[in-house]
Amino acid sequence: MTPEMAPDFDGQYKDFLEEVDAFGPDKAAARLRRFGIPEETLRNLVEKFEHHAGVVSASDGPVYIQGGGRHTWYTGPRPGDLCWPALKTALELKWPAESVESLDSSSTRIVGLLEHPKTMDFHTKGLVLGHIQSGKTTNYTAAIAKAADRGYRFFVVLAGIHNELRRQTQSRLAQQLVEPNKPFWHQLTKEEHDFVPPANAQAFFSKYSEQAVLCVIKKNAVVLRKFIAWLEEAGTALDQISALIIDDEADQAAIATKTINPLIRNVLDVLPRAGYIGYTATPFANLLVDPSAGDLYPKDFVVDLEKPSDHFGTEVIFGRQALDGEDPLDADDGYDMVRIVPDDEVADVRPLSKPDVDGFIPDIGGELERAVRWFWLATAARRSRGGSTTHSTMLIHTSVRVAVHQSFRKPLEDLTRHTSQRWLAGDKALRDELRAQWQNETERVVASDFGETPVAFDELAGELGGVFNDTRIVLDNSASADRLDYRAGPQTAIAVGGNTLSRGLTLEGLVSSYFVRSSTAYDTLLQMGRWFGYRGGYADLPRVWMTQELRQWFADLAGVEAEIRRDIARYMSEDETPLTFAVRIRCHPALNVTAAAKMRDAVQVSGAYGGMRTQTRYFKADDPDWLARNKRAAYRLVAQAKRDGKREEDKLLWRDVPAASVLDFLSSYRIHDLSADSLPGLLSGYIEKRIDDEALRLWNIAVIDNGTGPEFDFGGGIIVPTVVRAKLEQTPPSAADIKTLMSRKDATLDLDVPEGPLTEDDIRAARRAQLPRHGLLVLYPIDRISQPARKKNQRRERLDAVDDPVGVGLVFPQPEGEDAIAYVSADLSKVTPAIGYVEDEDMGPVEEDNSPVGSG
């Protein structure tokens with residue numbers, strides 16, 4: 001640009017933006033000052049730019065935590081851009097307008113968190129949290145497009161550890177980025193091959209070239225070493241370009257591995273001007289990296305992408321418990337799409353020990369046969385809706401072992417052939433069985449509730465013969481020659497596999513999933529959930545078969561995910577950065593957050609009971625001794641409250657009961673092991689610590705007396721009606737899950753509050769003002785039958801306990817200091833003098849980082 005700027009302010013601002021693109025906001029202002037632009041005009045130009053940048057930062061979009069000291073320089077697409085407009089045009093042909101707008105907003109936010117491409121010597125590190133099968137690839141494609149439009153010229157996508165995911169990623173980027181602007185792009189990799197070093201590396205990075213370079217590679221040691229050696233050949237030519245590295249599935253192989261992690265860091269070291277963005281839906285390992293070690297910790301920003309409204313995620317399918325401070329009615333029970341595999345059937349589909357692998361033959365009966373039959377029924381229903389040219393897939397995931405996968409082929413082929421023969425022969429028994437299953441399933445999950453067209457059995461029956469005929473059995477693992485490939489036309493496939501069918505690979509038209517694979521790490525379990533994603537046109541049809549234990553674990557993980565995202569939103573103020581705010585990850589009694597190696601730098605931190613209410617959710621409804629013990633503990637507590645407390649007039653409430661009675665109660669009352677945050681040891685330890693701080697020495701004890709069930713006698717003349725608390729469907733009597741025991745109103749029994757609805761903040765404030773050192777304990781006599789009332793999105797059935805359970809809710813005042821629930825987080829003590837707030841992260845098993853393209 002020359003000093004002769006446009007005479008009008010709008011024209012001057014356009015010229016100023018060109019300077020920003022070329023040199024960055026700070027240098028642009030300095031250059032204009034040297035050109036003799038009047039200070040008032042310059043000030044107005046800068047203010048307009050900062051306002052625009054501020055609008056971008058404050059606009060609706062993903063929640064993020066950003067490192068300080070950097071300005072938002074990217075203010076969105078402009079006329080003359082190449083890559084983003086082409087991508088947007090293509091997406092508008094198949095996406096709703098609001099989805100494109102959301103993608104535009106989130107990708108603008110992410111690019112703005114990078115350094116300006118003309119900045120010298122920078123290494124930006126960030127993390128983007130997506131949702132499993134939610135479109136993370138499209139999000140980073142949009143970020144690449146916008147970064148390319150502003151001057152980034154070298155793009156490296158680390159696309160997992162398997163050939164198929166790398167190929168799939170290469171194909172999508174070529175279609176969405178390269179094809180619309182072929183002269184602008186040079187691809188170093190192709191669908192058919194990973195990175196092969198071309199000659200004359202320096203020529204690809206000339207400062208005079210306007211061409212962008214794209215490279216999609218596996219996280220594989222051999223490939224990465226070749227890539228680093230080639231970059232080193234380029235030498236000082238790399239000083240001329242800004243690079244963006246996208247690490248897809250960033251928690252896989254990149255964290256705490258002996259080979260891949262150092263190699264990725266070497267790539268960054270070779271590139272003087274580079275941004276690194278990790279994309280993952282399971283960020284646990286990434287958030288536990290040692291921030292002081294120069295590793296891949298997201299020191300500059302963490303972004304939480306919004307969940308698309310039509311996305312089937314953990315919470316939608318499995319439900320979750322309400323978070324602290326959340327109205328229980330806001331957390332529904334999930335869709336009725338999960339079917340339970342009895343524990344005694346697991347041995348039929350998975351060897352229970354290594355010696356059992358050789359010669360193992362699965363029994364395709366019981367719930368597995370029902371799952372296969374559902375696949376055929378759902379596929380036929382989709383075809384009768386007009387989807388005959390679409391893919392339809394079933395997933396069977398029982399083991400990681402290739403030999404086990406192979407053992408499924410013949411039994412599944414035999415089942416398909418035999419069922420087809422029976423159908424074509426007009427077998428009435430088979431027809432009646434299929435009709436009964438279809439009617440049962442469609443009554444439990446109603447098509448019209450999802451905006452889908454109901455299909456009668458007689459309508460889909462005409463499609464079943466073709467479905468049987470088209471069904472392929474595909475064994476997808478590292479040893480397979482015949483892999484799942486949707487490029488070959490419409491697929492009707494039952495896919496049996498392990499690791500290659502998790503992590504990033506999309507199973508198109510997935511309607512039936514049978515999953516009994518054992519794993520005890522948050523991230524590994526969640527990534528195996530290929531049933532998450534979009535189900536447009538068949539949102540009523542997906543079903544998942546798994547054990548009750550796995551179902552419970554997924555519901556628990558839905559809560560862990562929601563808590564992480566909520567806390568990021570809570571601490572996204574300008575004063576917090578990833579180096580002052582460590583994301584906290586709640587621990588689980590039966591699961592590991594991630595692999596031990598990925599947790600080695602994590603620190604155990606405490607959550608807070610302060611300001612919380614905690615309640616019993618699970619009951620051993622079939623254990624008379626367990627229930628009787630809890631009743632005896634409640635009798636004793638009521639007797640002590642009557643003896644030592646002050647009875648409130650017209651209420652079953654006793655004030656100022658010594659803490660010794662509460663601790664005695666917690667020592668004898670049994671809380672289910674699944675209530676990880678409410679175990680008596682944690683609660684008692686917390687109370688004892690607060691007592692040392694001159695708090696919680698006195699408690700108010702209440703008995704709920706507004707039930708509608710049969711009477712319950714606490715002794716001493718305290719006789720009250722029981723309350724109804726039905727359990728979630730399919731939860732076993734040994735872990736009957738009532739989900740919510742305590743209401744907000746119950747949490748105010750000892751407070752003077754106005755009539756009408758109250759928020760959690762209102763209740764905390766009232767307790768802080770009126771009873772800042774008192775705890776509240778509420779006893780709930782529960783009707784052992786507890787017949788449920790039917791409500792939408794609440795899947796309940798009778799409790800049917802052998803005796804009346806007694807539930808307990810505790811409410812804690814908000815103290816100055818907090819501790820209690822077990823969490824882990826990154827250790828920020830070496831990088832900041834005072835940790836802001838810590839939040840928890842998850843840890844999954846370390847992937848083999850130098851295997852040929854992964855195991856099965």
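## Ground rules

Residues are numbered from 1 along each chain as its sequence is written. In this predicted model, local features need pLDDT of at least 70 and side-chain atom pairs count only at pLDDT 80 or more, while totals for chains, interfaces and linings use all residues, and side-chain values use heavy atoms, without hydrogens or water.

## Overall build

The protein has 22 helices and 33 strands. These are DSSP runs numbered from the N terminus: helices are H or I with at least four residues, strands are E with at least two. Of the 856 residues, 59% are buried (under 20% relative accessible area with a 1.4 Å probe, protein chains only).

Take contacts (heavy atoms within 4.5 Å) between residues at least 6 apart in sequence. Of these, 80% join residues at least 24 apart.

## Helix 5

Helix 5 covers residues 97-112. Its 16 residues should span 22 Å at 1.5 Å a residue, and its end C-alpha atoms are 23 Å apart, which agrees. The expected span is 1.5 Å times one less than the number of residues. Among the buried residues of helix 5 are Val100, Leu103 and Ile110.

## Two cores

A nonpolar core is a set of buried Ala, Val, Leu, Ile, Met, Phe, Trp, Tyr and Cys residues joined through side-chain atoms within 4.5 Å. The largest one has 57 residues. Phe665, Trp699 and Phe812 are among those with the most contacts inside it. Several elements supply at least two residues each, including helix 20 (659-668) and strand 29 (774-781). Helix 19 gives the largest share, seven residues.

Beyond its neighbours within four places in sequence, Phe812 touches residues including Tyr609, Gly611, Ile687 and Trp699. A second, separate core has 48 residues, among them Leu127 and Trp553.

On a 1 Å grid over the protein atoms alone, a cavity is a set of points where a 1.4 Å probe fits but cannot get out; a pocket is an open set with protein on both sides within 12 Å along at least five of seven lines; lining residues have an atom within 4 Å of a point. Grid points join across faces, edges and corners, and volume is the space filled by probe spheres set on them.

Ten cavities reach 30 Å³ or more.

Terms used. Buried < 20%, exposed > 50% of the residue type's maximum accessible area, 1.4 Å probe, protein only.
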